Amino acid sequence: MRSAAFLSAMFLPALANPAAARPLERELPLKRDACWERVYDEPHLKGHPGQKVTRIRLLHLPSKWPDGQMNGFYVQLYFNLRQRNAAGGFDYQLGGFCKPSGDGLRCEPEWEAGTWRIERGPNGTLRVRNNGITANPNPYDAEEIADGAARIPAQPDDGIWQLSPASGPCELE
């Protein structure tokens with residue numbers, strides 16, 4: 001009898017309180033597209049001479065990408081790098097599936113191209129923590145590292161990118 005009381009005391013609160021929302025659900029909603037970006041200005045880049053990324057965009061488009069269920073949900077990162085800038089578009093891309101990890105999301109592609117973490121930043125921003133990623137030239141659809149891919153190590157100056165809600169349209173480049 002005591003074990004039944006103990007078990008019900010353990011499980012009733014869990015049943016009464018539905019599972020907590022996924023981390024960053026407000027910033028990356030389950031049913032609504034969201035885009036975040038950052039364009040680094042010249043003073044910032046002069047202060048961070050080892051930074052490769054000059055522009056970054058994070059796309060979360062549940063309207064276009066089906067939920068991976070087992071693999072998590074999909075996001076796409078787009079980059080411009082110092083060494084090469086496309087006329088008006090992005091030079092490189094990397095997509096991956098994100099799963100809850102603590103108070104953020106851990107994201108990784110389906111092939112070996114590094115990982116990244118998305119966290120809530122200060123003043124309504126998102127932080128993307130680079131864990132040594134490799135991005136393919138944009139657009140490159142294969143799920144493998146392409147010829148001409150760019151390695152973006154976290155050190156010395158690409159460890160964290162702080163993004164704000166995108167001002168332009170939320171669409172694929």
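The chain has two disulfides, a disulfide being a pair of cysteine sulfur atoms within 2.5 Å. In general terms, a disulfide is a covalent bond between the sulfur atoms of two cysteines. This is a predicted model, in which local features need pLDDT of at least 70, side-chain atom pairs count only at pLDDT 80 or more, and totals for chains, interfaces and linings use all residues. Residues are numbered from 1 along each chain as its sequence is written, and side-chain values use heavy atoms, with hydrogens and water left out.

## The disulfides

| Disulfide | S to S distance |
|---|---|
| Cysteine 35 and cysteine 170 | 1.9 Å |
| Cysteine 98 and cysteine 107 | 2.0 Å |

Start with cysteine 35 and cysteine 170. The torsion about their S-S bond is about 95 degrees, so this disulfide is right-handed. Cysteine 35 lies in strand β1 and cysteine 170 in the segment after β10 (160–165), so the pair ties together parts that are 135 residues apart in sequence. Strands here are DSSP runs of E with at least two residues, helices are runs of H or I with at least four, and both are numbered from the N terminus.

Is cysteine 35 buried or exposed? Cysteine 35 is buried, with a relative accessible area of 8%.

Now take cysteine 98 and cysteine 107. Their S-S torsion is about 105 degrees, so this disulfide is right-handed. Cysteine 98 is buried at 1% relative accessibility. Cysteine 107 is buried too, at 0%. Number the bonded cysteines in sequence order, and the pairing reads 1-4, 2-3.

## Strands and their partners

The chain's secondary structure comes to two helices and ten strands. Along the sequence, the pattern is α-β-α-β-β-β-β-β-β-β-β-β.

Which strands pair? Two strands pair if DSSP finds at least two bridges between them. Strand β1 (residues 34–39) runs antiparallel to β2, with six bridges joining them. Arginine 38 has isoleucine 56 in β2 as its bridge partner. Six bridges also join β2 to β3, again antiparallel. Here arginine 57 stands opposite tyrosine 78 in β3.

Why is strand β2 (residues 53–60) described as largely enclosed by the rest of the structure? Eight of its eight residues are buried, so β2 has that description. Over the chain of 173 residues, 42% count as buried.

Further along, strand β4 (residues 92–101) and strand β5 (residues 104–108) run antiparallel, joined by five bridges. Proline 100 stands opposite leucine 105 in β5. The hairpin of β4 and β5 has two residues between the strands, and glycine 102 takes a positive phi near 65 degrees.

β5 also pairs with strand β6 (residues 115–120), through three bridges and in antiparallel fashion. In β6, isoleucine 118 is the bridge partner of leucine 105. β5 and β6 form a hairpin with six residues between them. In that turn, glycine 114 has a positive phi of about 85 degrees.

## The nonpolar cores

In soluble globular proteins, nonpolar side chains tend to be buried together. A nonpolar core is a set of buried Ala, Val, Leu, Ile, Met, Phe, Trp, Tyr and Cys residues joined through side-chain atoms within 4.5 Å. The largest core here holds 31 residues, and Leu28, Phe79, Trp116, Ile118 and Trp161 touch the most other members. β3 gives this core its largest share, five residues. Another core, of seven residues, lies apart from it, with Leu61, Trp65, Phe90 and Ala166 among its members.

## The largest pocket

A pocket is an open set of points on a 1 Å grid over the protein atoms alone, where a 1.4 Å probe fits, with protein on both sides within 12 Å along at least five of seven lines; lining residues have an atom within 4 Å of a point. About 310 Å³ of space lies in the largest pocket, counting the space filled by probe spheres set on the points. Its lining has 21 residues, and Tyr74, Gln76, Gln93, Tyr140 and Asp141 are the closest to its centre.

Which strand supplies the largest share of the lining? That strand is β4, with five residues. β3 (73–81) and β4 each supply at least two. The lining divides into eleven nonpolar, six polar and four charged residues. Here Ala, Val, Leu, Ile, Met, Phe, Trp, Tyr, Cys and Pro count as nonpolar, Asp, Glu, Lys and Arg as charged, and the others, Gly among them, as polar.

Conventions. Buried means under 20% relative accessible area, exposed over 50%, partly exposed in between (1.4 Å probe, protein chains only).
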